[in-house]
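Open the structure in your viewer and keep the selection tool at hand. The tour goes from stop to stop, saying what to select and what is there.

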Amino acid sequence: MTASTAIGLTYFVASLLFIFGLRSLGSPRTARSGMHLAELGMVLAIAGTLLNHQIVSFDWILAGMAVGSLAGVAIALWTPMTAMPQRTALSHAFGALAAALVGVAHYLEHGETLATAQLVALGFEVMFGSLTVTGSLMAFGKLQEWLPGRPLTFRGQNVVNVGLFLLIAALAIFVIVVPAQREAFFAMVGLATVFGVMLVLPIGAADMPVVIALLNSYAGLAASATGFALHNDILIIAGALDGASGLILSILMCRAMNRSITNVLFGAFGKAPEKGVQLGAGLTYRSASPEEAASILDTAERVIVVPGYGMAVSQAQHAVKKLADLLSRKGVDVRFAVHPVAGRMPGHMNVLLAEAGVEYDKLFDMEQINDDFPRTDVVLVIGANDVVNPAAKSNPQSPIYGMPVLDVDRARSVMVLKRSMNPGFAGIDNELFYKPNTMMVFGDATKTVEALLTGLKELTPAGELARAQPA
Ligand code: NAP
């Protein structure tokens, strides 16, 4: 078998593994094996690339692999789940930087001899790569709170941005027509990096996950264009898969928040709370101790748990699983309602609950469970806020008006476990907390759930508790 046949074959198998891996990510049941398939695909893609006869020395490649692997392992081990969106933004920045640098090197080496089609691909690669690097770094900075999270806007910003984009596109066309114009090429690279910053500046931290999915898409497009410029099939395929899945993900997130992509990109959402959405003054809420809450829970027959970002912050999923197990063994029907944008990234809650061992058949999507709330005795809202805010249904003044939410307020009784009356991600008050059938149980989610568990055990007669203990 020749080296080029072996490369073609490994690329083919790697592409299949990427496609099946992505397919498996669609369900929490198969997501883990999907990740392993994609990892295997990446190993094969790298191995195939190393067979390329154009490689003259492996020294730098091996050094790069060692540094990259060490950094990857360190990032994987030490990044907390709550910092996953900014970690993703950082890896997009690295991926896009690689694509942009390869493009610049390719241009410097072969720029004047490249065919027009290759120059077009190279132009795309460098343009998307450069703007994704700075855009992703901005997204990282905002989410890590190194930069202000609020949208930074100025008069005529959209006009400036559109003008800048047109200038970059004009320079790219000029370089394609006159490839020897290095000044124009580097001006395009420089302006694209500025454009990345300008694109993300007016977007608030609240919309960053959508922006990150979009930047993911751009990084994929840059990689795909790199594949066309270098005649590398696996880059074309993997880049296209990355580009398409990033775009689909951002559309799904926008749909779950009832927003359009243009509203996310140009709407400066989260800039200042709209008039009429700050509640609190004159309103009262009911707070309860974990012991009181446990006694109410003790009489419930149907319970729905609604996890949110606070469960992730507190890492309360293991305590929540223990509580759900005890309730189930006492004969209570316990289910979990998972909102599509609960937490800070798609699938955030599913990952945490699966990690704690919650059975998949206990997890319900919003559409599956929303009609069941009126028949539910107690809803346990654990660190969730925006995704249960009824203002999204009833208050046209609210910035989240129109976002589909869990109909928690229709349940007989609601217990909200959070630390204070502070707002959630969207920065707005939640009228659910002031409803007569809602009680606030203040404290860190893990501690409160553990206190509920203790309270419930104390209320359960010894004989029944023994029957309720795991074998
Ligand atoms: P949320 O609205 O951000 O509210 C989380 C709540 O958790 C806060 O009100 C906070 O209140 C509480 N909390 C924080 N730490 C806690 C702790 N240690 N113990 C107990 N409670 C704690 O969360 P959400 O309801 O999950 O909504 C998600 C938000 O993210 C939505 O606005 C959504 O649009 C946005 N978003 C999500 C995605 C995604 O893909 N998932 C993408 C884009 C945007 P205290 O500070 O008072 O404790």
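Select the ligand and the side chain of D444: an N or O atom in that side chain is 2.9 Å from a nitrogen atom of the ligand. This is a polar contact, meaning a pair of N or O atoms within 3.5 Å; within protein, one must be able to donate a hydrogen and the other to accept it, and residues adjacent in sequence count only if both atoms are side-chain atoms. On its own the ligand has 930 Å² of accessible area, and the protein covers 96% of that (Shrake-Rupley method, 1.4 Å probe; for residues, only the protein chains shown count as cover).

The model is predicted: local features need pLDDT of at least 70, side-chain atom pairs count only at pLDDT 80 or more, and totals for chains, interfaces and linings use all residues. Residues are numbered from 1 along each chain as its sequence is written, and side-chain values use heavy atoms, with hydrogens and water left out.

Now show the backbone of G310 and V387. A polar backbone atom of G310 is 3.4 Å from an oxygen atom of the ligand. For V387, a backbone N or O atom also lies 3.4 Å from a ligand oxygen atom.

Which of the 30 residues around the ligand come nearest? They are G343, N385, D386, R419 and S420. Helix α12 (residues 309-314) gives the largest share of the shell, four residues. Helices (H or I, at least four residues) and strands (E, at least two) are DSSP runs, numbered from the N terminus.

Move to strand β2 (residues 333-338). Is β2 largely enclosed or open? It is largely enclosed by the rest of the structure, because five of its six residues are buried (under 20% relative accessible area, 1.4 Å probe, protein chains only). Strand β1 (residues 302-307) pairs with β2 in the parallel sense over four bridges; two strands pair if DSSP finds at least two bridges between them. Look for V305, which stands opposite F336 in β2. Strand β3 (residues 363-365) also pairs with β2 in the parallel sense, over three bridges, and there F364 is the bridge partner of A337.

The last stop is N370, in the loop between α15 (366-369) and β4 (378-382). N370 is buried, with a relative accessible area of 13%. A polar atom of the N370 side chain lies 2.8 Å from the backbone nitrogen of D407.

Notes: Near = heavy atom within 4 Å. Buried < 20%, exposed > 50% of the residue type's maximum accessible area, 1.4 Å probe, protein only.
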